[in-house]
Amino acid sequence: MSTRSRAILLSAVAATAALTLSACGNGGMSGGGGNTNFVTGKNGIDTVPQGKRVAAPDLSGKTVDGKTLDVADYKGKVVVINVWGSWCPPCRAEANYFAKVSKEYQGKGVQFVGLNTRDSSTTPAVAFEKGHGITYPSLYDPTGKLMLRFKKGTLNPQLIPSTLILDRDGKIAARALQALSEESLLKMLKPVLAEK
């Protein structure tokens, strides 16, 4: 192999590694600009006051198990949207917490919905859900099109996992652009659930 070929190969490997590392972050503060009315809170949880919330975009399509889902059908419930990928180590770290809390709040006016991104097929996504005991539906969004429907600054496609809480009117009430512990997830969920 020539020196030039070796240099090109090393550059390609370095670029691939950089993309892989940036695709699954441990969280961060920026959703990518735009005025989204988020108030930065402690522990990476941002909230929006009730009077300043904006409606979530249309989130509908096929789920990882081939069914059809429209998040708008859950209006009247608090909706927890978790953006994840089976390839993402922090997603694996938080998955058991989401499975546990979703079961604890089943039938209590809360609906969990996953938003699976960047899995090249549904096979690893279905295996991920089964392996972590996730029983709520997940929309399949391999190219991130559903994520891009949110107002600029709401989500950062490079910060996976991310979580949004929609209030009973389908408006974005809280977000975290990082993996969550069970305690952090409940700190996001409980105030929105307590709203009248």
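Two residues are said to be in contact here when heavy atoms of the two lie within 4.5 Å. In this predicted model, A176 is, by that criterion and leaving aside its neighbours within four places in sequence, in contact with G44, I45, S162, T163 and M188. A176 belongs to strand β9, which covers residues 172-176, and the residue is buried, with a relative accessible area of 0%. The C-alpha atoms of A176 and N43 are 8.8 Å apart in space, although 133 residues separate A176 from N43 in sequence.

## The chain as a whole

The protein chain has 196 residues, of which 45% are buried, and its secondary structure consists of 4 helices and 9 strands. Read along the sequence, these elements follow the pattern α-β-β-β-β-β-α-β-α-β-β-β-α. Among the contacts with a separation of 6 or more, 73% are between residues 24 or more positions apart. The accessible surface of the chain comes to about 10,000 Å², and carbon and sulfur atoms account for 56% of that surface.

The pLDDT averages 86 over the protein chain, and 81% of the residues score at least 70. Over residues 5-23, however, the pLDDT is below 50, and this stretch has 7 contacts in the model beyond near neighbours in sequence. The pLDDT is also below 50 over residues 25-33, a stretch with 28 contacts beyond near neighbours in sequence. Where pLDDT is low, the predicted coordinates should not be read in detail.

Helix α2 runs over residues 89-104, a total of 16 residues, and reaches 24 Å from its first C-alpha to its last, which is close to the 22 Å expected at 1.5 Å a residue. The helix has a kink of about 35°, centred on A95, and A95 is itself one of the buried residues of α2, together with P90, C91, E94, F98, A99, V101 and S102. These buried residues pack against strands β5 (78-84), β6 (110-117) and β8 (162-166), and also against helices α3 (122-132) and α4 (182-194).

For helix α4, the 13 residues should span 18 Å at 1.5 Å a residue, and the end C-alpha atoms are 18 Å apart, which agrees. The buried residues of α4 are S184, L185, L186, M188, L189, V192 and L193; M188 is also among the residues in contact with A176. The cover over the buried residues of α4 includes β2 (45-47), β5, α2, β6, β8 and β9.

## Aromatic pairs

A pair of aromatic rings is described by the distance of the centres and the angle of the planes.

| Pair | Distance of ring centres | Angle of planes | Arrangement |
|---|---|---|---|
| W84 and F128 | 4.5 Å | 20° | stacked |
| F112 and Y136 | 5.4 Å | 40° | tilted |

W84 lies in strand β5 and F128 in helix α3, so their pair ties together parts that are 44 residues apart in sequence. Both W84 and F128 are buried.

In the tilted pair of F112 and Y136, F112 comes from strand β6 and Y136 from the loop between α3 and β7 (138-141), so this pair ties together parts that are 24 residues apart in sequence. F112 is buried, with a relative accessible area of 3%, and Y136 is likewise buried, with a relative accessible area of 8%. Ring pairs also bring in F98, so that F98, F112 and Y136 are linked into a cluster; F98 is one of the buried residues of α2.

## Backbone details in two loops

In the loop between β7 and β8, where P161 is placed, the peptide bond from I160 to P161 is cis, with omega near 5°. In the loop between β6 and α3 lies R118, whose phi is near 65°, a positive value in a residue other than glycine. R118 is partly exposed, with a relative accessible area of 32%.

Definitions and conventions. Residues numbered from 1 in each chain as written. Predicted model: local features only at pLDDT ≥ 70, side-chain atom pairs only at ≥ 80, totals over all residues. Heavy atoms only, no water. Expected span 1.5 Å × (residues − 1). Bend = angle between axes of the 7 residues up to and from the residue. Buried < 20%, exposed > 50% of the residue type's maximum accessible area, 1.4 Å probe, protein only. pLDDT = per-residue confidence, 0-100. Areas by Shrake-Rupley, 256 points an atom, 1.4 Å probe, with all protein chains shown as cover. Phe/Tyr/Trp six-rings, centres within 6.5 Å; stacked < 30°, edge-to-face > 60°.
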